[in-house]
Amino acid sequence: MSTSLSVSQIEPDMKYLMLAASRDSTRTSIRTVHVDAKGNAVTTDGHRLHIVRGAAFPKESLDVDTAELLGEVIRKTSAQVLYIEGREYRCAGMGHEVTIKASPAEDHFPKYERIIPKWAETAEAPATDLRRSVLTPQETKVCVFTNSKGETWHLSPEYVKDALTGAGKGTVKVHFSADDMGPIGFSFEVEGRERFALIMPLRK
């Protein structure tokens, strides 16, 4: 049985997920775009986690190499629809048709839900304000977030910038752990699908 996905939906979701995908050849368990039983697509490089809940994405996990190839083919063919039949992915556009036959992913992805804490505090901020904390006139190596108690988290500016990809001018929820050694989360919606990023803090 074949299914089809709109490229206008899958491509932005894929770009967001691939920002946090591991390319480390020694860590095969996380070189995967993992799709869980709820249809959430998840990637991690061990320092951060990106999730698209209810993602416009194939319903089976893909290894990172296949996902990157699929993204490249979609861009080069200017495909509008991705047809999926089993492990075959067919893109058509610009007078070309390309089919990718993917091997089953060895999906030993970790139980990612276990590292998402019960948040102690959640704040909201415009995405434009959060970007200003990253895109300073002079390059900075640390992006500082402070909760209502004055506790601070030091994060990688690159990771924060990636976490906000697709937020536009909308509102972003910032989730704080119970202590400043725990992660920070960022979440917002894009066309009814939630994007969520979890970032581990830098050592102070």
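Here are legends for several close-up views of this predicted model.

Residues are numbered from 1 along each chain as its sequence is written, and side-chain values use heavy atoms, leaving out hydrogens and water. Because the model is predicted, local features need pLDDT of at least 70 and side-chain atom pairs count only at pLDDT 80 or more, while totals for chains, interfaces and linings use all residues.

**View 1. Helix α1 packs against helix α2.** Let us start with α1 (residues 7-18) and α2 (residues 64-77), whose axes lie 11 Å apart at an angle of about 135°. That angle makes α1 oblique to α2; angles under 35 degrees count as roughly parallel, over 145 as roughly antiparallel, 65 to 115 as roughly perpendicular and the rest as oblique. Axes here are lines fitted to C-alpha atoms, for helices over the stretch in contact, and angles run from 0 to 180 degrees between N-to-C directions. Helices (H or I, at least four residues) and strands (E, at least two) are DSSP runs, numbered from the N terminus. The crossing of α1 with α2 is left-handed, meaning that the near helix is turned anticlockwise from the far one by less than a right angle.

**View 2. Here are the residues that join α1 to α2.** On the α1 side, look for Val 7, Ile 10, Glu 11, Met 14 and Met 18. They meet Val 64, Ala 67, Glu 68, Leu 70, Gly 71, Ile 74 and Arg 75 of α2, where contact means heavy atoms within 4.5 Å. Sorted by class, this contact has 8 nonpolar, 1 polar and 3 charged residues. Ala, Val, Leu, Ile, Met, Phe, Trp, Tyr, Cys and Pro count as nonpolar, Asp, Glu, Lys and Arg as charged, and the others, Gly among them, as polar.

**View 3. The largest nonpolar core has 48 residues.** Phe 57, Leu 70, Phe 145, Val 160 and Phe 186 have the most contacts inside this core. Its largest share, 6 residues, comes from α1. A second, separate core has 7 residues, including Ile 51, Phe 109, Tyr 112 and Leu 198. Such a core is a set of buried Ala, Val, Leu, Ile, Met, Phe, Trp, Tyr and Cys residues joined through side-chain atoms within 4.5 Å. Buried means under 20% relative accessible area, exposed over 50% and partly exposed in between (1.4 Å probe, protein chains only).

**View 4. Ser 29 sits in the loop between α1 and β2 (32-35).** With 30% relative accessibility, Ser 29 counts as partly exposed. Beyond residues up to four places away in sequence, Ser 29 touches His 108, Phe 109 and Pro 110. Ser 29 and Pro 110 are 81 residues apart in sequence, yet their C-alpha atoms are 7.3 Å apart in space.

**View 5. Asn 147 occupies the loop between β10 (143-146) and β11 (152-155).** Its relative accessible area is 8%, so Asn 147 is buried. Setting aside neighbours within four places in sequence, Asn 147 is in contact with Glu 121, Trp 153 and Phe 176.

**View 6. Glu 191 has a positive phi without being a glycine.** The phi of Glu 191 is about 50°, and this residue is in the loop between β13 (184-190) and β14 (193-199). Glu 191 is exposed, with a relative accessible area of 62%.

**View 7. Pro 157 lies in helix α4 (residues 157-163).** Pro 157 counts as buried, at 12% relative accessibility.
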